[in-house]
Amino acid sequence: MERLYSDSELPFYFDSSMATVRQDKSRMFFFHTSGLKTYKFSGTPDAPLSNLVWVKNNTDFMDRNGLLGEFPGVNFWIQNIFIIPGRGWLSFSHIEKFTGSGGYDGTEQYSIGILYSDDEGETWTFCGEIIKPFIHTSDAGNAGGVPVLVVGKYFYVYYNEHTGSNGVAVARAPVSDVIKAAVKHKVVPWVKYNNGSWSENALTGTGSFVMPYADSHTDAAASKYRGVYFYLAPMNGSLRLFSSKDGIEWWEKAIIDQAWNTWFVFGMFASLESDASADCMTVGNNFSIIWPRKNSTDFFIDTLYRRKVTVTME
């Protein structure tokens, strides 16, 4: 494990996982939304913030597409980019909506939606919401965001469900349908996994926990080498690597990091290896896990770390 940046060396406080996209054989792009701004860096897994490409106000390069008009305040986070070969990029976005002054007063609403870009992330158009957490009393339950996997012919999106207790649940939709809609700046219906079946409307229904004690402010990736799926699970003062064969049943494989008084959210996968996909949704034999250690008593204090991982056959 190596420390990449101290808090004083970071240009922002971590407010999400960075979206990781290969730039060329030797460098990657790292996108990060913090507050009302998004940053684009060019770097490497051991120096992700080495070159700032741009920083933009979200309102300047994200088009609301005439949607969510009832909310005067809306913010989108660029997260977990999926590259559609020759057709554009999708970002599965954490969304926060404000009806009043814009403060966090319990009236804010959270969801997960899709953004589409046809210029490799220079501008984005909002396509619509796909998932809302179920909440007994209000919509003010943070949906998290946004681990994504391709499992068979479906996108699986993991989110925080709020059903009296909190945990990670999952919703899905066919990859081909999602892409066809997104290029037209629209979305298709998604369904939540509930008690063994994909039966609940993802905007109004309830999902079962697939990881009861974890959090979804993190990342996921398919393992090309092992033929399984990985999930970075922040839980119990630690960051843990979980594995699954089907995206539903998960088991712990390793503890990546743990420390007292630390919140381990916003981890991410990154790889420049040729056997990884350009959007890092699939990783190969060697890859990096990058994460901030966030001070549990002060959300704005971070230290960024990296661990190199080599996958072996069991």
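## Starting point: Phe299

Phe299 is partly exposed, with 25% relative accessible area. The scale behind that word runs as follows: buried means under 20% relative accessible area, exposed means over 50%, and partly exposed lies in between (1.4 Å probe, protein chains only).

The model is predicted, so local features need pLDDT of at least 70 and side-chain atom pairs count only at pLDDT 80 or more, while totals for chains, interfaces and linings use all residues. Residues are numbered from 1 along each chain as its sequence is written, and side-chain values use heavy atoms, with hydrogens and water left out. Helices (H or I, at least four residues) and strands (E, at least two) are DSSP runs, numbered from the N terminus.

## Aromatic pairs

A pair of aromatic rings is described by the distance of the centres and the angle of the planes. Here the rings of Phe, Tyr and Trp (its six-membered ring) count as a pair if their centres lie within 6.5 Å; planes under 30 degrees apart are called stacked, those over 60 edge-to-face, and the rest tilted. Searching the whole structure gives 25 aromatic pairs. One of them is Phe92 with Phe155, an edge-to-face pair with 5.1 Å centre to centre and 65° between the planes. Phe92 belongs to strand β9 (residues 88–98) and Phe155 to strand β13 (residues 154–162), so this pair ties together parts that are 63 residues apart in sequence. Both Phe92 and Phe155 are buried.

Phe299 takes part in an aromatic pair with Phe266, which is also edge-to-face, at 6.4 Å centre to centre and 90° between the planes. Phe266 is in the loop between β21 (262–263) and β22 (268–270), and Phe299 is in the loop between β24 (286–295) and β25 (302–310), so the contact joins parts 33 residues apart in sequence. Phe266 has 3% relative accessibility and counts as buried. Ring pairs also gather Tyr13, Trp263, Phe266, Phe299 and Phe300 into a cluster.

## Charges over rings

A charge sits over a ring if NZ of Lys or CZ of Arg is within 6 Å of the ring centre and within 35 degrees of the ring normal. Which ring lies under Lys40? Lys40 lies over the face of Phe29, 4.1 Å from the ring centre. Arg172 places its charged end over the ring of Tyr154, at 3.8 Å from the centre.

## Salt bridges

Side chains of opposite charge can pair when their charged atoms come close. The rule used is a side-chain nitrogen of Lys or Arg within 4 Å of a carboxyl oxygen of Asp or Glu. The count comes to 8 salt bridges. Among them is the one between Glu122 and Lys56, whose closest N and O atoms are 3.6 Å apart. Glu122 is in the loop between β10 (109–117) and β11 (124–131) and Lys56 is in strand β5 (residues 47–57), which makes this a link between distant parts of the chain, 66 residues apart. Glu122 is partly exposed at 26% relative accessible area, and Lys56 is partly exposed at 21%. Salt bridges link Lys40, Lys56 and Glu122 in a network.

Lys97 and Glu129 also meet in a salt bridge, at 2.6 Å from N to O. Lys97 is in strand β9 and Glu129 in strand β11, distant parts of the chain 32 residues apart. Lys97 counts as buried at 1% relative accessibility, and Glu129 counts as buried at 16%. Another salt bridge joins Glu161 and Lys192, with the closest N and O atoms 3.1 Å apart. Glu161 lies in strand β13 and Lys192 in strand β15 (residues 191–194), so the pair ties together parts 31 residues apart in sequence. Glu161 and Lys192 are both buried.

## Strands β4 and β5

Two strands pair if DSSP finds at least two bridges between them. Strand β4 (residues 37–44) pairs with β5 in the antiparallel sense, over 7 bridges. The hairpin from β4 to β5 passes through 2 residues. Lys40 stands opposite Trp54 in β5.

## Backbone exceptions

Most residues other than glycine have a negative phi, and most peptide bonds are trans. Where is there a cis peptide bond? The bond from Gly145 to Val146 is cis, with omega near -25°, and Val146 lies in the loop between β11 and β12 (148–151).

Glu120 is not a glycine, yet its phi is positive, near 55°. Glu120 lies in the loop between β10 and β11 and is exposed, with a relative accessible area of 54%. Asn195 has a positive phi as well, about 50°. Asn195 lies in the loop between β15 and β16 (197–201) and counts as exposed at 69% relative accessibility.
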